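Please look over the model shown here before reading on. The paragraphs that follow take its parts one at a time.

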Amino acid sequence: MNPSTASPLPAVQASNPAEQIARAGRREAGLRVILPLALIALLLVAWEAIVRINQIPHYILPAPTLVLRTLFEQWHSLAPSLWFTVKLTLMALAAAVVGGVLLAMAFALSKWVEIGLFPLAVVMQVTPIVAIAPLILIYVDNTMAALLICAWIVAFFPILSNTVIGLKSADSNLRDLFGLYRASPWQLFRFLLVPSALPYFLGGLKIAGGLALIGAVVAEFTAGSAGRNTGLASRILESMFRTEIPMMFAALLLVSLLGIVIFVAFAGLAKLMIGHWHESEMRRES
Amino acid sequence: MSASAPLVSLRSVSKRFPNGTLALQDMTLDVGDHEFISFLGPSGCGKSTALRLMAGLTRNTGGELVWHQAPTPAGGERRDLGFVFQEPTLMPWATVFDNVFLPMRLAGMSRGEADAKVRHALEMVGLSRFASVYPRELSGGMKMRVSIARTLVTQPRLLLMDEPFAALDEMTRSKLNNDLLAIWKEHRFTIIFVTHSVYESVYLSDRIVVMAPRPGRVVDQIHIDEPYPRNAGDFHVSERYNAHVVRVQKALHANLDGLAIDH
């Protein structure tokens, strides 16, 4: 491309511009993966080195290798806890999606429903979950149900508020057009409101996924390791009491990994569903 | 006033907005079958309001609209009426095909049943090869063509266009004007075309309805008795064309009383 570097036989080495751009694109895609991974690896190495050089005892700060070894050795006891937390998170999220979307639809249908209920939804959102979790645990007998309610309260609001905005964001000229062609309320909903709201809903889902996990962990912290079936939060508490710090780190690692998996999964879902048309998922050519 | 039987008549039609503004005052007009009428005037002259009234997108507060032939004003089928907005107003999540298919889908037709009609409409606007493309991949002019194909797919008797080409560049605009005239001549429907361009209205119309603002009203009607097609020969640089432009300019400015035309 650069005239100063043009060789007498440009066709031999210089490939066509489209191929060059594609190669540059692949290089950038590679860097996007490698750079954060390299940084994480560097931090882990530094952590390991600091622990070993200063001979920090494992009950204060375990080295990454010890945490990993604990994770593998204790996997048989950690796996059920991981599964419990996964289940709790996904159930809370599912309930948040159903509740948030249904309520958003009710809001879209009637402004009086919205005026009446929206403040309540806000109150639920702004009250810290740690503060109300003990109350919920008192009033709800079933611990699992109580945990679910806590996680649901945290996860539900972003779905609601995003879907409400999404349903209202349909282009007004398109609305007129649907009216002109005598669309039924169902057709208006199915062919205009749902597609218009989808990007907003998916954005809400991405936030709610993370919040459902936080809600599940916080609720379990409050509930304490009472039941027989316990999640990762109980394991963190339990290992703290027993000063099994490597175990604590291992459980913590699982919580973080779970959060990352949930985020990546929903980001992928958004890409899959609206990647072909919505600005937010489009790669800009520059 | 038109040679052919009227399609719709406006009789002293007025529109007052809830805030008290009189957007349109006593508009009386017979729209003939197969006519190409332009509503010409500055912002606030009620030209878009008149169009939206005819489309049923808003209700008149005075006078009456009389439909002599289908489309009927209310209750009945209104699908043989098409509307083109200033923006292409496409669904970004749907392909060109599905955007054009929309009116048929809303009428309860399946994709298979509508296939031939949708493809024909795309052919009319020269976009046959773009059926499976998403709107974001198209230029402004092509998006507007999709928008026009979407209204043509129902074979409307009356096509209402609200400054459809105002946001396009001059070259694209002139091409679309010629293509629109060709489609109109071939399919013999009626067009009402809202514009603020004197040149565009003279070039396109059988008849120009000149309007003035505050309150919005009709101040003159000018017939452009020139044969179609108008892109053949050099009508747009001819003396006759200039004479029409001057006449329309005068009618427009006589009623502006120092008000600036805003573009």
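**Two chains and their build**

With 263 residues, chain B has a radius of gyration of 18 Å, which agrees with the value near 18 Å that a compact globule would have; the radius is taken over C-alpha atoms, and the globule rule is 2.2 Å times the number of residues to the power 0.38. This is a predicted model, in which local features need pLDDT of at least 70 and side-chain atom pairs count only at pLDDT 80 or more, while totals for chains, interfaces and linings use all residues. Residues are numbered from 1 along each chain as its sequence is written, and chains are lettered from A and ligands numbered from 1 in the order in which they are written.

The secondary structure of chain B comprises 7 helices and 9 strands, where helices (H or I, at least four residues) and strands (E, at least two) are DSSP runs numbered from the N terminus. Its C-alpha atoms fill a box of roughly 55 × 45 × 35 Å along the principal axes. The domain assignment, which is automatic or from a database, divides chain B into domain 1 (1–80 + 165–263) and domain 2 (87–155). Between these domains of chain B, 8 residues of domain 1 are in contact with 8 residues of domain 2, a contact being two C-beta atoms, placed from the backbone, that lie within 7 Å.

Chain A, by contrast, has 11 helices and 0 strands. The radius of gyration of chain A is 25 Å, well over the 19 Å that the globule rule gives for 286 residues, so chain A is more spread out than a compact globule. The domain assignment of chain A gives domain 1 (11–53) and domain 2 (62–281), and the centres of these two domains of chain A, taken over C-alpha atoms, are separated by 33 Å.

Where the chains meet, the contact takes 15 residues from chain B and 15 residues from chain A. On the side of chain B that touches chain A, the residues divide into 10 nonpolar, 1 polar and 4 charged; here Ala, Val, Leu, Ile, Met, Phe, Trp, Tyr, Cys and Pro count as nonpolar, Asp, Glu, Lys and Arg as charged, and the others, Gly among them, as polar.

Turning to the interior, buried residues make up 32% of the 286 residues in chain A and 40% of the 263 residues in chain B, a residue being buried if 20 or more other C-beta atoms, placed from the backbone, lie within 10 Å of its own.

Key:
Buried ≥ 20, exposed ≤ 12 C-beta atoms within 10 Å, placed from the backbone.
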